[in-house]
Amino acid sequence: MQALVKQRYGSSVSEPEPAVDARRIAAEAREEAEDLVQETYARAFRSWRSYTPGTNMRAWLFRILTNLNVDRGRRVQRTPPMQPLEESDYYLANKLASSAGEEALEQEQVVERLSQDSIVHALAEIQPQFRDVVVLVDIGDFSYADAAEILDIPMGTVMSRLHRGRRALKQRLAEETLA
C-alpha cells in the first residue's frame with residue numbers, strides 16, 4: 001500500500017524530503033551570514049576611528065566579523081532551550097477527557113462543571129506566594145513589572161511563580177471537577 005502511495009503521490013506525508021530540509025537549512029545559513037556581514041559593516045562604520053590607516057583593512061574587518069560571530073555563538077549557548085508544553089499543562093483537559101470517554105472536550109463542559117465558588121476555593125488552596133501573583137496578573141490584569149513592584153520581587157520571580165501558580169490552580173480545579 002505504501003509503495004502504491006509513493007508511486008502515485010511521491011513520498012508519504014510523514015517522511016520529510018531531504019532536499020527540502022537541505023534547502024531550508026541552506027537558506028537559514030545564508031540569512032545568518034548576510035546578517036553577520038551587515039552587522040560587521042555597521043560596527044566597522046561605528047568604530048571607524050579605531051582603524052589605523054595603512055594597515056590591512058581586510059584583516060581589521062575579518063577580526064570584527066570573527067568577534068561578532070563568537071559573540072553570537074555565546075549568546076546562543078546562553079539562551080535556554082525552548083521546551084514544548086508539558087503534559088501537566090493539559091492536566092485538567094486530560095482528566096475531563098478521560099472521565100468523559102471519547103467525547104470531544106468542549107469549553108462549555110468545563111465551565112459548566114466549575115462554579116465561581118470552586119474557583120475561589122481552589123485559589124485559596126494554593127500557596128500564598130503563588131496565589132498573590134496569579135491574582136495580580138490574571139485577575140487584576142497587572143503587568144509582570146507592576147506585579148514585581150507591588151510584591152517587591154524580581155520580574156523573573158513573578159513569571160516563575162505565575163507559571164507554578166497556574167499549574168497548581170489547574171490541578172486543584174481538576175480535582176474539584178472530578179470529585
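1. A word on burial to begin with: a residue is called buried when its relative accessible area is under 20%, exposed when it is over 50%, and partly exposed in between, using a 1.4 Å probe and the protein chains only. By that rule, 20% of the 179 residues of the protein count as buried. This is a predicted model, in which local features need pLDDT of at least 70 and side-chain atom pairs count only at pLDDT 80 or more, while totals for chains, interfaces and linings use all residues. Residues are numbered from 1 along each chain as its sequence is written, and side-chain values use heavy atoms, with hydrogens and water left out.

2. Now the overall layout. The protein has 9 helices and 0 strands, where helices (H or I, at least four residues) and strands (E, at least two) are DSSP runs numbered from the N terminus. Its accessible surface, from the Shrake-Rupley method with a 1.4 Å probe and, for residues, only the protein chains shown as cover, comes to about 13800 Å². Carbon and sulfur atoms hold 55% of that surface. A contact means heavy atoms within 4.5 Å; among contacts between residues at least 6 apart in sequence, 56% join residues at least 24 apart.

3. Next, the nonpolar cores, each being a set of buried Ala, Val, Leu, Ile, Met, Phe, Trp, Tyr and Cys residues joined through side-chain atoms within 4.5 Å. Which members of the largest core touch the most other members? They are Val137, Val158 and Leu169, out of 16 residues. Helices α6, α7 (128–139), α8 (144–151) and α9 (155–178) each supply at least two residues of this core. A second, separate core has 7 residues, including Leu36, Trp60, Leu61 and Ile64.

4. Leaving aside residues up to four places away in sequence, Val158 touches Val133, Val137, Tyr144, Ala147, Ala148 and Ile153. After α7 comes Asp141, with a positive phi near 55°.

5. Is Thr40 buried or exposed? Thr40 is buried, with a relative accessible area of 4%. Its contacts, not counting residues up to four places away in sequence, are Leu61, Ile64, Leu65 and Leu68. Val37, in contrast, is partly exposed because its relative accessibility is 37%.

6. On to the charged pairs. The whole structure has 6 salt bridges, a salt bridge being a side-chain nitrogen of Lys or Arg within 4 Å of a carboxyl oxygen of Asp or Glu. One of them joins Arg30 and Glu34, whose closest N and O atoms are 3.2 Å apart. These two are 4 residues apart in helix α2, so about one helical turn separates them. Arg30 is exposed at 59% relative accessible area, while Glu34 is partly exposed at 45%.

7. The salt bridge between Arg72 and Glu39 (3.1 Å, N to O) links distant parts of the chain: Arg72 lies in helix α3 (residues 57–78) and Glu39 in helix α2, 33 residues apart. What is the relative accessibility of Arg72? The value is 18%, so Arg72 counts as buried. Glu39 is partly exposed at 31%.

8. A last pair is Asp71 with Arg74, where the closest N and O atoms are 4.0 Å apart. Both sit in helix α3, 3 residues apart, and so are separated by about one helical turn. Asp71 has a relative accessible area of 32% and is partly exposed; Arg74, at 47%, also counts as partly exposed.
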